[in-house]
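Me: I've got a structure open and a few things to check. Can we go through it bit by bit?

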Amino acid sequence: DFCLSRGLGDVYKRQVVADSLGRGWAGVLEDLRPFPGRLPFAIRLAVICALTALVCEIYQTPEAALTVYVAFFLNKPDRVTSLILNVAMVALISILIGIIFLLANRVLDRPFRLVATMTLISLLVLFVSSASKLSAIGGTLALILGCGLDALGQVPLGELATRALLYVWLLIGIPAGVSMVVTLLIAPSPRTLVQQALAWRLRLAATMLRKPDAATRKAFTEALREGDAEMRQWVKLAGLERTSPAGDLAALDRAATSSVVLLTLIDIADRDPSARPPKPVGLAIALVLNQAASIFAVGAYPVGVDLALAPDAKRDISPRAAAVLDRLVGVLTTFAEPPPHPAASPASQKAAGGFFKPDALSNPDYVHYAVRTTAAAMICYAFYH
């Protein structure tokens, strides 16, 4: 409560807007900076793209470049989400191919009907996907539907049309199959990503307490902006895997929340000199943070953290600094220890929700997105024809 009462959220929002203006090449270089898991994910994507291109070359399937491009939409940093996306896309493309086949007789050899059908399908798919749980793959679905209808429009019905639909299915099937194999072999588990992120944040916090530089401050601010939503989502995915005990996942969920409180407290101390603990105390806390980061980095989590400060640690410091120090000690000693009888979180109290988002019919942004994207796609379609 002490942290949230500072109202730092508005400060960060204003800073995001300011940072987005006039970034130039410095902003590009900033976007390219490394962070935990970025290099392994890039290597995995490169392997998947190379193997997809190899399969396309071996079997001489058309649209090899587009097939490789689809692989980027089928992979996420963790293996659970990647596998779910791949399986879902293969199932959905099989259903969509059936829909295209049913539409074929009505729209082929009629260019106006073909283009109108492509436009309506794009509008419908993009709206439904953006206003529902399919937002991650909606654009890909619209792309495949459009490609399928366009492919049928260029060949007569019969064997050639069937072959064209097979190639459209392979447009998803090849990268999905390659992605699933590579993901199962080398993709990290969601739990691994959570622990890497926690270790990264604790090391950033320790550096902020010792001697931060400009790069550390930027990375620290970015971590604070991100909050704990992504880490807690990884914890939920780890629960779906059923490869970690429930107690471990509860500890990691608590650690994700504690990391945000910890970063906020350190940010307050960094911005307000009157809230800053004495230098020796800061160094002692930094040492404990680095030790906890090392524990997370090896796949475990710290329990029973003992932050023994000198008896005179609070001597001659302001009440504000004493309050920050007390809160820091409290957060660190129970960093990864969930309460014995945790109250239900707001997220768990909410209803599971349906397929569509709550504002699906009231928010005009979904319609605007569908119209803009469809208009851009159809203009491109007209140009290349």
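Me: Which residues form a nonpolar patch on the surface?
Reply: This is a predicted model. In it, Leu39, Ile43, Val47, Leu51, Leu54, Ile58 and Tyr59 make up a nonpolar surface patch, and together they have about 700 Å² of accessible area.

Me: Where does Tyr59 sit, and is Tyr59 buried or exposed?
Reply: Tyr59 is in helix H3, residues 38-59. Tyr59 is exposed, at a relative accessible area of 62%.

Me: Switching to cysteines. How many disulfides does a search of the whole structure find?
Reply: The search finds 0 disulfides.

Me: And Cys49 and Cys56, buried or exposed?
Reply: Cys49 is buried, with a relative accessible area of 12%. Cys56 is buried too, with 3%.

Me: OK, aromatics. How many aromatic pairs are there?
Reply: The structure has 3 aromatic pairs. One of them is Phe296 with Phe335, edge-to-face, 6.0 Å centre to centre and with 65° between the planes.

Me: What does the Phe296 and Phe335 pair tie together?
Reply: Phe296 lies in helix H13 (residues 279-297), while Phe335 is in the loop between helix H14 (319-333) and helix H15 (346-349), so the pair ties together parts that are 39 residues apart in sequence. Both Phe296 and Phe335 are buried.

Me: What about Tyr381 and Tyr384?
Reply: Tyr381 and Tyr384 also form an edge-to-face aromatic pair, 5.4 Å centre to centre with 80° between the planes. They are 3 residues apart in helix H16 (residues 365-384), so about one helical turn separates them.

Definitions and conventions:
Residues numbered from 1 in each chain as written. Predicted model: local features only at pLDDT ≥ 70, side-chain atom pairs only at ≥ 80, totals over all residues. Heavy atoms only, no water. Patch = residues over 30% accessible without salt bridge, like charges linked within 9 Å, V, L, I, M, F, W, Y side chains within 5 Å. Areas by Shrake-Rupley, 256 points an atom, 1.4 Å probe, with all protein chains shown as cover. Salt bridge = Lys/Arg side-chain N within 4 Å of Asp/Glu carboxyl O. Helix = DSSP H or I, 4+ residues; strand = E, 2+ residues; numbered from the N terminus. Buried < 20%, exposed > 50% of the residue type's maximum accessible area, 1.4 Å probe, protein only. Disulfide = S-S within 2.5 Å. Phe/Tyr/Trp six-rings, centres within 6.5 Å; stacked < 30°, edge-to-face > 60°.
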